[in-house]
Amino acid sequence: MKSLKTYSIPFTGLKLGKHYFEYEINDVFFAEFEYSLVKKANLICKVELDKQETMLILNFDITGTVNATCDRCLSDYLQPIDIHEQQIARFTEEEMSEDDEIITLGKNDHEIDVARLIYEYVNVALPFIANCSNEGDGKQCDEEMLANLNKLAANDEKTESVDPRWEALKKLK
């Protein structure tokens, strides 16, 4: 987690107003997370920090590509990512309930770590079902691999024997 220290923004010395930070998110970043779904990426993260009297407003713009594996044909492809998120961090001394929407910063906090936020935003932005034909460049799934998978699936159905008890039920209509 030593390399993630560069993703901490010290806000105590910043003047009120907007401040801009830019980070390169690559394989080294995701290697710091033990069970990361993303292994390889080439992303640029731009963070706009708006410091106010009672809160910090963080606007994230993350763009680039992530290496993904197609769920249909198992080929590797580059999944484009374009993320626009906002996070609010509030200064307070009160104990507040854990809220995913607002980060609470106490008087002893001097910096905010954006590495976890970037990691979560990228993982949530990945498609639930990865499909290389969805990336928009006209590329289709590997036809040879799909044909082999279809042959294997068809052979499984033929070897399945039909239980005679079900045949008797089909006659009842």
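Is Tyr119 buried or exposed? In this predicted model, Tyr119 counts as buried, at 16% relative accessibility.

**Aromatic rings**

Eight aromatic pairs turn up in the structure. Take Phe29 and Phe30: their ring centres sit 5.1 Å apart with the planes at 90°, so this pair is edge-to-face. Phe30 also pairs with Tyr119, and here the centres are 6.3 Å apart and the planes meet at 50°, so the pair is tilted. Step back a bit and ring pairs join Tyr7, Tyr23, Phe29, Phe30, Phe33 and Tyr119 into a cluster.

**Cysteines**

What about disulfides? Searching the whole structure gives zero of them. Cys73 shows why: its closest cysteine sulfur is the one in Cys70, 3.8 Å away, which is too far for a bond, because a disulfide needs the two sulfurs within 2.5 Å.

**Burial at a glance**

Here's how the residues discussed above come out.

| Residue | Relative accessible area | Class |
|---|---|---|
| Phe29 | 1% | buried |
| Phe30 | 2% | buried |
| Cys70 | 1% | buried |
| Cys73 | 2% | buried |
| Tyr119 | 16% | buried |

So Tyr119 makes the buried class because its 16% falls under the 20% cut-off.

Terms used:
Residues numbered from 1 in each chain as written. Predicted model: local features only at pLDDT ≥ 70, side-chain atom pairs only at ≥ 80, totals over all residues. Heavy atoms only, no water. Buried < 20%, exposed > 50% of the residue type's maximum accessible area, 1.4 Å probe, protein only. Phe/Tyr/Trp six-rings, centres within 6.5 Å; stacked < 30°, edge-to-face > 60°.
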